[in-house]
Amino acid sequence: MNKSCTIRTATPADLETISSIESICFAPAEAADQSRFKDRLERFADHFWLCETEGKVVGFIDGAVINTRTISDEMYADASYHDPKGMWQAVYGINVLPQFRGQGIGHKLMHALIAAARSQGRQGCVLTCKDHMIGWYEKQGFRLLGRSASVHGGMVWNDMVLEFSEQNGNRQK
């Protein structure tokens, strides 16, 4: 990575920045709007990890803790699916501003989410992704389950899982 990156959890004061980054990184049909992020931050701000470089937020990862091994479309829209005692850390989105991509920021954000999920005793992490991202998530330790039932944003998605019982303790660094 060319620049130092500090990872921290989000606060409600980060709402505008998070919304702005999401609108840059995702198409309008897929992006969460500011009201959805407001609800998410009220319910699970401690499950948002932000990357700051030189005092500027340049990326983030977020997701609720859920009780199912896959994410349904309803979960993206309704923050009440978050269950602090749930067994799976979901990844709703990972966003890195275009000019900061390719510097390891996405990996660092994913590592923060995975490390937190492990330390909280979760069974693992789950996400949906488009075909072109499967390889990147596999490098992070995720396994492809197949096509998702999700039609979020009118797109085709794949379900992926990282089960901690499948990992040896040294794999995630």
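Contact here means heavy atoms within 4.5 Å. With that in hand, here are my notes on the model.

1. **Ground rules.** This is a predicted model, in which local features need pLDDT of at least 70 and side-chain atom pairs count only at pLDDT 80 or more, while totals for chains, interfaces and linings use all residues. Residues are numbered from 1 along each chain as its sequence is written, and side-chain values use heavy atoms, with hydrogens and water left out.

2. R40 sits in helix α2; helices (H or I, at least four residues) and strands (E, at least two) are DSSP runs, numbered from the N terminus. R40 counts as buried, at 4% relative accessibility. The scale used is buried under 20% relative accessible area, exposed over 50%, and partly exposed in between, with a 1.4 Å probe and protein chains only. Setting aside neighbours within four places in sequence, R40 is in contact with A32, A45, F48, D62, Y76, A79 and Y92. The R40 side chain also reaches the backbone oxygen of Y76 at 2.9 Å. This is a polar contact (N or O atoms within 3.5 Å; within protein, one must be able to donate a hydrogen and the other to accept it, and residues adjacent in sequence count only if both atoms are side-chain atoms).

3. **Aromatic pairs.** There are eight aromatic pairs in the structure. Rings of Phe, Tyr and Trp (its six-membered ring) pair if their centres lie within 6.5 Å; planes under 30 degrees apart count as stacked, over 60 as edge-to-face and the rest as tilted. F44 and Y92 are edge-to-face, because their ring centres are 6.3 Å apart and their planes stand at 80°. F44 belongs to helix α2 (residues 34-44) and Y92 to the loop between β5 (88-91) and β6 (93-96), so this pair ties together parts 48 residues apart in sequence. Both F44 and Y92 are buried.

4. W136 is partly exposed at 28% relative accessibility, whereas Y137 is buried at 6%. Ring pairs also link F37, F44, F48, F60, Y76 and Y92 into a cluster.

5. **The disulfide.** A search of the whole structure turns up one disulfide, defined as a pair of cysteine sulfur atoms within 2.5 Å. The partners are C5 and C51, with their sulfur atoms 1.9 Å apart. C5 lies in the segment before β1 (6-9) and C51 in strand β2 (residues 48-53), so the bond ties together parts 46 residues apart in sequence. C5 is buried, with a relative accessible area of 9%, and C51 is buried at 0%.

6. **Cysteines without a partner.** C25 is in no disulfide, and the nearest cysteine sulfur, that of C51, is 12 Å away. C125 is in no disulfide either; the nearest cysteine sulfur there is that of C129, 14 Å away. C125 is buried, at 0% relative accessibility.

7. **Strand β9.** Six of the six residues in β9 (residues 158-163) are buried. Both faces are covered, with N158, M160 and L162 on one side and D159, V161 and E163 on the other. Two strands pair if DSSP finds at least two bridges between them. Strand β7 (residues 124-129) runs antiparallel to β9 and is joined to it by six bridges, with G124 opposite E163. Strand β8 (residues 143-147) also pairs with β9 in the antiparallel sense, over four bridges, and the bridge partner of G146 is D159.
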